[in-house]
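Welcome, and please open the model in your viewer. We will go from stop to stop, selecting residues as we go.

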Amino acid sequence: MRVLMKATMDTEKANEAIRSGKMPEMMRETLDMLKPEAAYFGAIGGKRTALLVLDMQDSSEMPPTGEPFFMQLNAEIEVCPIMNADDLQRGLSQLR
């Protein structure tokens, strides 16, 4: 199932990772492990935020998906099922 994971990073922990030079490698390792379909980064609500589109085959994938952000950046994580346009059309066709 396709999901959107929003990781809102703790400002102080992210500042530390940036100052120490660890942030680029941390992000590279996490993205290499998760292999997101898409990854976007920006400030949402005044906090550094990562938005990742992931394909999860099983709910047991949630712990290893969120843990890098929890442990390294003290992030708040939200995971939400999402659809692309094709998924939406297939779902809507079942409503007839």
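A salt bridge here is a side-chain nitrogen of Lys or Arg within 4 Å of a carboxyl oxygen of Asp or Glu. Searching the whole structure with that rule finds five salt bridges; we will visit some of them below.

Some ground rules come before the selections. This is a predicted model, in which local features need pLDDT of at least 70 and side-chain atom pairs count only at pLDDT 80 or more, while totals for chains, interfaces and linings use all residues. Residues are numbered from 1 along each chain as its sequence is written, and side-chain values use heavy atoms, with hydrogens and water left out.

**The whole chain**

Start with a cartoon view. Helices (H or I, at least four residues) and strands (E, at least two) are DSSP runs, numbered from the N terminus. The C-alpha trace spans about 55 × 25 × 15 Å along its principal axes.

Of the 96 residues, 29% count as buried. Buried means under 20% relative accessible area, exposed over 50%, and partly exposed in between (1.4 Å probe, protein chains only).

**The salt bridges of Arg-2**

Select Arg-2 and Glu-37. Their side chains meet in a salt bridge, 3.0 Å from N to O. The pair links distant parts of the chain, with Arg-2 in strand β1 and Glu-37 in the loop between α2 and β2, 35 residues apart. Glu-37 counts as exposed, at 53% relative accessibility.

Asp-87 is buried, with a relative accessible area of 19%.

Next, pick Glu-78 and Lys-6, which form a salt bridge with their closest N and O atoms 3.9 Å apart. Because Glu-78 lies in strand β4 and Lys-6 in strand β1, the pair ties together parts 72 residues apart in sequence. Glu-78 is partly exposed at 48%, and Lys-6 counts as partly exposed at 23%. Then return to Arg-2: salt bridges that share partners join Arg-2, Glu-37, Asp-87 and Arg-90 into one network.

**Into the core**

A nonpolar core is a set of buried Ala, Val, Leu, Ile, Met, Phe, Trp, Tyr and Cys residues joined through side-chain atoms within 4.5 Å. Which members of the largest nonpolar core touch the most other members? Select Met-9, Met-23, Phe-69 and Leu-73, out of its 17 residues. The elements giving two or more residues to this core are β1 (2-8), α1 (11-20), α2 (23-34), β3 and α3 (62-73). Among them, α2 gives the most, with four residues.

Centre on Met-9 and show its contacts (heavy atoms within 4.5 Å). Not counting residues up to four places away in sequence, Met-9 touches several residues, including Met-23, Met-27, Thr-49 and Leu-73.

**Thr-49**

Move on to Thr-49, in strand β3 (residues 47-55). Is Thr-49 buried or exposed? Thr-49 is buried, with a relative accessible area of 2%. A polar atom of its side chain lies 2.9 Å from the backbone oxygen of Lys-47. Beyond four places in sequence, the residues that Thr-49 touches include Thr-8, Met-9, Tyr-40 and Phe-41.

**Two loops with positive phi**

Select Lys-35, in the loop between α2 and β2 (38-44). Lys-35 has a positive phi of about 50° although it is not a glycine, and it is exposed, with a relative accessible area of 65%. Then try Asn-74, in the loop between α3 and β4 (76-81). Asn-74 has a positive phi near 50° and is likewise a residue other than glycine; Asn-74 is partly exposed at 47%.

Definitions and conventions. A polar contact is a pair of N or O atoms within 3.5 Å; within protein, one must be able to donate a hydrogen and the other to accept it, and residues adjacent in sequence count only if both atoms are side-chain atoms.
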